[in-house]
Every structure is written in structure tokens, then in C-alpha cells.
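Here is a short briefing on one protein model. Please look over the sequence and the fold before reading on.

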Amino acid sequence: AMAYVGLAWVYWDKHFFDDYISANFMDSVLVLCNIALNFDNQLAEAYTLKGTYYSETGKPELAIEEFDKALKSNPNEWIAYRGKGEFYFETDWVNYIKYLQKAVFINRGPELPDLLSKIGYAYFSAGFTEKAKQYYHDKLKLDGDSSAYFSELARIELRLGSLYKSLEF
């Protein structure tokens with residue numbers, strides 16, 4: 001089962017930007033996930049990728065259902081939390097932050113800086129500037145990308161109307 005999910009993820013990563021429009025690309029990913037679930041119907045990774053598939057194909061109800069199945073099978077499936085959180089981007093900052101923080105709590109891999117950056121953006125958009133800056137600083141401590149860090153601080157100051165402070169960063 002894991003081999004089929006692995007094939008589906010590799011297929012997704014290999015063809016996402018080249019063949020995104022192609023129905024065959026998306027359908028192939030779904031077929032591979034369904035084969036995996038025929039072998040193991042408790043495989044969280046397969047449900048997560050199916051949720052991602054439905055998210056990308058404009059079927060949010062089905063995506064949430066698949067992410068929930070993934071989390072029921074494995075409450076530590078951080079990608080499902082991230083995927084579920086994406087549905088709330090710019091519509092419900094509280095839920096967006098809630099699900100991303102669950103993903104951050106679980107994930108300690110190379111994706112962590114990106115997750116911290118997303119939470120920082122959400123906190124700033126929700127009006128919590130200092131909290132956003134803390135998340136951007138935490139990201140800096142992990143990836144050492146000072147250019148991205150100062151760029152985010154500049155963006156915050158610009159949106160707050162402080163042009164000169166923005167230019168300093």
C-alpha cells in the first residue's frame with residue numbers, strides 16, 4: 001500500500017507543474033491512491049493525498065472528508081492538518097492558524113520553516129503584528145534566511161504605513 005502512495009506522490013511531484021491541466025495527471029494520482037487503499041484502508045498517507053487531489057480539483061467537501069479520514073487513521077499526519085488549514089486561508093484566520101499550528105507541533109522536518117512563515121502571515125493578517133514577527137524570527141533561526149526575514153519585516157512595516165522603516169529593512 002505504501003508503495004502505491006509513494007508512486008502517487010512521486011507522480012504528483014514529477015508532473016504537477018508540467019501536466020497540471022491534464023485530467024490524466026490528476027486521475028492517475030487518484031487511481032494510485034485508491035489501489036493503495038484497497039491494500040490498506042487505514043493508510044493515512046493515501047487519504048491525505050486524496051484530500052490534496054480533491055482540494056486541487058475544486059471539491060472542498062470531499063477534500064475535508066479525506067483529510068479527516070487521514071487524521072482518524074493517524075492523528076500525527078501533519079500534511080492533512082496543513083491541507084485542512086489551507087481551506088481557511090484568508091477566510092477564517094483562527095482555523096487557519098489552528099490547523100497550521102497542529103502541523104507545526106508534529107512536523108520537525110524541512111517543511112517547518114515554511115509552515116512558520118505561513119503562520120506568521122496569518123497572525124499579521126489577523127492583526128497580531130508582534131506574534132507574526134516572532135514566527136518570522138523562529139523561521140530565521142531554523143533556516144538562516146535573513147533575506148526572507150527582513151523582507152517579511154519590511155512588508156509588515158509597509159502595510160502598517162511605515163514606509164521609511166520598511167525601506168530600512
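Predicted model: local features only at pLDDT ≥ 70, side-chain atom pairs only at ≥ 80, totals over all residues.

Residues are numbered from 1 along each chain as its sequence is written, and side-chain values use heavy atoms, with hydrogens and water left out.

**Overall fold**
- The protein chain has 10 helices and 0 strands. Helices (H or I, at least four residues) and strands (E, at least two) are DSSP runs, numbered from the N terminus.
- The C-alpha trace spans about 60 × 35 × 30 Å along its principal axes.
- Of the 169 residues, 40% count as buried. Buried means under 20% relative accessible area, exposed over 50%, and partly exposed in between (1.4 Å probe, protein chains only).
- Among contacts with a separation of 6 or more, 42% come from residues 24 or more positions apart. A contact means heavy atoms within 4.5 Å.

**Surface and charge**
- The protein chain exposes about 9,500 Å², and carbon and sulfur atoms supply 54% of that area. Accessible areas come from the Shrake-Rupley method with a 1.4 Å probe; for residues, only the protein chains shown count as cover.
- There are 18 positive and 24 negative side chains, and the centres of the two sets lie 5 Å apart. Lys and Arg count as positive, Asp and Glu as negative; His and the chain ends are not counted. Each charge is placed at NZ of Lys, CZ of Arg, CG of Asp or CD of Glu.

- Helix α5 (residues 78–86) is largely enclosed by the rest of the structure, because 7 of its 9 residues are buried.
- The buried residues are Trp78, Ile79, Ala80, Tyr81, Gly83, Lys84 and Gly85.
- They pack against α3 (44–56), α4 (60–73), α6 (93–106) and α7 (112–125).
- Glu90 sits in the loop between α5 and α6. Its phi is near 65°, a positive value in a residue other than glycine.

**Nonpolar patch**
- Leu158, Leu163, Tyr164 and Leu167 form a nonpolar patch on the surface, with about 490 Å² of accessible area together.
- Patch residues have over 30% relative accessible area and no salt bridge; like charges are joined within 9 Å, nonpolar side chains (Val, Leu, Ile, Met, Phe, Trp, Tyr) within 5 Å. A salt bridge is a side-chain nitrogen of Lys or Arg within 4 Å of a carboxyl oxygen of Asp or Glu.
- Helix α10 (residues 163–168) gives the most to the patch, with 3 residues.
- Tyr164 lies in α10 and counts as exposed, at 68% relative accessibility.
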